[in-house]
Structures are given as structure tokens and as C-alpha cells.
Amino acid sequence: MQRWLFTQIDNSSLIIFRIVFGFLIAAEAIGSVFTGWIERTLIEPQFTFNFIGFDFLQPLPGDGMYYYYVIMGLCGLLVMLGYRYRYSMIAFTIMWAGVYFMQKTSYNNHYYLLLLLCIIMCFLPANTYASMDVKRNPALKRIAMPRWCAMVFVLQVWIVYTYASVAKFYPDWLDLTVAKNLMASKVDYPVVGALLQEHWAHICIAYFGILYDLLIVPLLLWKRTRIYAFGASIFFHLFNSFVLQIGIFPYLSLAFSLFFFSGEVVHRFFLKRKPFYDKEEVEVPSYQSVLLVVGIIWFAIQLALPLRHWFIPGDVLWTEEGHRLSWRMMLRGRQGRITFFVVDKATDKRTRIDLEAYLSNKQKRTVATRPDVIWQFSQRLHEKYARENIDVAVYVNSSVSVNNKAYKTFIDPSVDLASVPWNYVCTNPWIIKYPNDL
């Protein structure tokens, strides 16, 4: 294991990945400014629904979030250029984590993956060639890296894709319901909109998605199938970029391919002027024990988190408990109807809450379907009335439809959500479960 992990290999793949990664995170940050995402998600709403336990994270006032994202974009460019790489990468990671935990109205598995990659990149020697750091300090220059620096990406990507594939093995995906519903919103796309409504297109989307996620890492690892798998990756990710419009993720996924090709191939295509390292010497560092312990803990957590919903009562597709951090990507559509009521405990006066007075349109759609957001909004209503010295109970009438199926009652209408705690590890009993629902 020592020989395999700490064998020195050519570092061209990591150097090129750093350049691409820095460009993409800069594009993600700056793009959020110009597409209006910041305004819609962080500025227009009165507050954001943060991850539970991170209530102190709320958007900066005024134009603060614009400056915040511009600084993140500059950090991304510095990562790309390799200038003060470690500090720039750590700064971006902290700021990205702040935004990630600050809001979940626009929750995206890709944002979570980006956070994980940022953490990994903070510890890699990605600035030892083709960087301003090397120009400033030539002693940093290296043309090799230990093999584990590449394998950490391979293993992380394998976990993501494998869980994404396994999660698709359920009836609504296999009978094409999800693909049909998802493509229905793309009918107005030029040229391909009509084609995406065809039955054969739904078959291709559903089953190619399963097979791609399940097999892409093994096929990229095997030299005989690598070039064909890479071609499939280009088609798959460009299709997702155009049709699903999911930001930088398709291009980031293509960049992962750098770690599957041999160092000689990457060197020949991208860094011809760089000396190629082909000695494969073993250099066991003094930090090997720490690295192995941290690596085992990291990947044990990565393997365990997507499995936790099996230990929570109810179907995760319905309850949403255990959905996040589990690579359950593009799996279902949810629509909800919800009404909040507050009851003055002193007078029994019942008041219906006008959601327009509190939430943006996007937040209203989220609060209608996500149990943790329903609970958080109930807590906020309780706090608002408490500031006016009114003690209230908060009740909801809620129904949800999954994948355009019939609406069913989602939250127990008899439970005062202002008085119950949020259960982090087990089920929340006020979410109504249905046997064999999905």
C-alpha cells in the first residue's frame, strides 16, 4: 500500500486540473453575479433558509453579497494562476462553505461536490509547476507528485457516480416517468425540444443515465475502453450542459478525466515543454500515518452518508429525510400545497399566514415540499410573534405530489411545529409516512 500510494508519478494531470478548476470556480462565482442568481436567491428574500444549526449565516446587507462573490471570483483566478495558491484556495473554500450552508432554496448536489473538491484541493501540491508561486520561489518547482494525489479524485468520483446510478433503480425512473416529466419542461428548446418529448428519447435518457453513472469510472480506468468512455463523457456532459443547464458541473466532470489518462498522455497534449517524470520512485513522507487516517475517515463518511436514509423510517423520495449529501441527483419532481396557521395561545385566535409577505416565489415552492424548511419557517413565525409578546402555536395544512402522482397529506396538521425539535439523525414523526408509497 505504501509503495502504491507514495510512488512518485508525473504531476501534469494535477497542474492542468488546477488551472481548469480555478477557471471554473471563478466562472461560477462571477456568473452568479451576472445571471441574477445572487439577487434572486440572496438579496431579494427577507432571509434565507440556512442548513439547520447554521442560523448565524445570513446574506450580507446591501450589495455585500455582490462583493462577496467578486472576491470569490478573484480567489478562483488566483488559484488558476497559482498565485498564493494555498491561501487563495483556502479563502475560496471558506467563502463557498459559507454560501453553501447559508441557503438551501437552491440546493444542488453539485454545490456539495464542489465544496468537497475545494477541501481536497487545499491539501494538494497543485502549484508546483506552471504557477506564479514557482516564479516567485523556484524552490517550489516539482514535476512529480505521489500517486495518492490522483487517486483521491478517482475514488471521490467513483463514489459520486455509483451512488447516483444506484439511486435510479426505482419504479418511476425505470418506467420513464421521471425522464418524461423532466423533458416536458424542455419542449420549447430550439431544434431538440420536440425530439426530447419522444418515447425513445426518454428511454435513452433514463437507461443511458443509469449505465453511464455505474460504468464510467471502471471504463475510464481500463486502458482498452478509456478513449470510448471519454467520448461518451463528452456527449453525456455536453448534453446535460445544454438541456439541463447545470452550470459548471459538466465541465468539471470532464476535467476529472485528466486523472484517468496516463501522465504521458496528459503531458503530451498540455505541457510539452515540461520535463516528463517517468522514474516512479517511492518517497514515503513523514505524514503518511496522518494521511492514511484522515483518508480512511474521509471516505468512510463519504460511503456512509448516502446510506443513512435506509435507517430512517419511510421512503426518502417522500420524506426527504436523508436526501441531501447522498448524490440523489435529478431523481424526482415534487410539487406542494401548504397553508400556515398561527394560533394565539392566550385567545385561541387563529390567523392564516400570507406567504407573500415573507417569502420569494422560489422560497414558497421550497417551503411547500421540504420538511426541514417547513419546520424552519414555523420557528421563524414563532420568533416573530414572540418579539411582539404573543405566544403562538404554528400548524400547517400540507400536501405533496411526487412525480405528478396524486397529492397526499405530508405534515400532521395537529402538530404544533413551533414546539417540536428538529431530529437530526432519526425521523421526525410529524412527517406522515405511507407504506409502500413509492
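**Close-up views of aromatic pairs and helix packing**

**View 1. Trp 37 and Tyr 111 are both buried residues.** Buried denotes under 20% relative accessible area, exposed over 50% and partly exposed in between, with a 1.4 Å probe and protein chains only. The rings of Trp 96 and Tyr 111 form an edge-to-face pair, because their centres are 5.7 Å apart and their planes stand at 85°. This pair joins distant parts of the chain, Trp 96 in helix 5 (residues 85-102) and Tyr 111 in helix 6, 15 residues apart. Trp 96, like Tyr 111, is buried. Rings of Phe, Tyr and Trp (its six-membered ring) pair if their centres lie within 6.5 Å; planes under 30 degrees apart are stacked, over 60 edge-to-face and the rest tilted. Helices (H or I, at least four residues) and strands (E, at least two) are DSSP runs numbered from the N terminus.

The model is predicted: local features need pLDDT of at least 70, side-chain atom pairs count only at pLDDT 80 or more, and totals for chains, interfaces and linings use all residues. Residues are numbered from 1 along each chain as its sequence is written, and side-chain values use heavy atoms, leaving out hydrogens and water.

**View 2. Aromatic residues are linked into a cluster by ring pairs.** The members are Phe 51, Phe 54, Phe 56, Tyr 100, Phe 101, Tyr 107, Tyr 112 and Trp 327. By the ring-pair rule, the count is 35 aromatic pairs. One of them is Trp 37 with Tyr 111, edge-to-face because the ring centres are 6.4 Å apart and the planes lie at 85°. Since Trp 37 belongs to helix 3 (residues 37-43) and Tyr 111 to helix 6 (residues 109-121), the pair ties together parts 74 residues apart in sequence.

**View 3. Helix 5 packs its buried residues against several helices.** These partners are helix 2 (12-34), helix 3, helix 4 (64-81), helix 6 and helix 7 (132-136), where contact means heavy atoms within 4.5 Å. Among the buried residues are Phe 92, Trp 96 and Tyr 100.

**View 4. Helix 10 (residues 177-184) buries Val 178, Ala 179 and Met 183.** They lie on the same side of helix 10 because they cover an arc of only 120° around the axis, taken from the directions from the helix axis to the C-beta atoms. Their cover includes helix 9 (171-174), helix 11 (199-221) and helix 12 (223-243).
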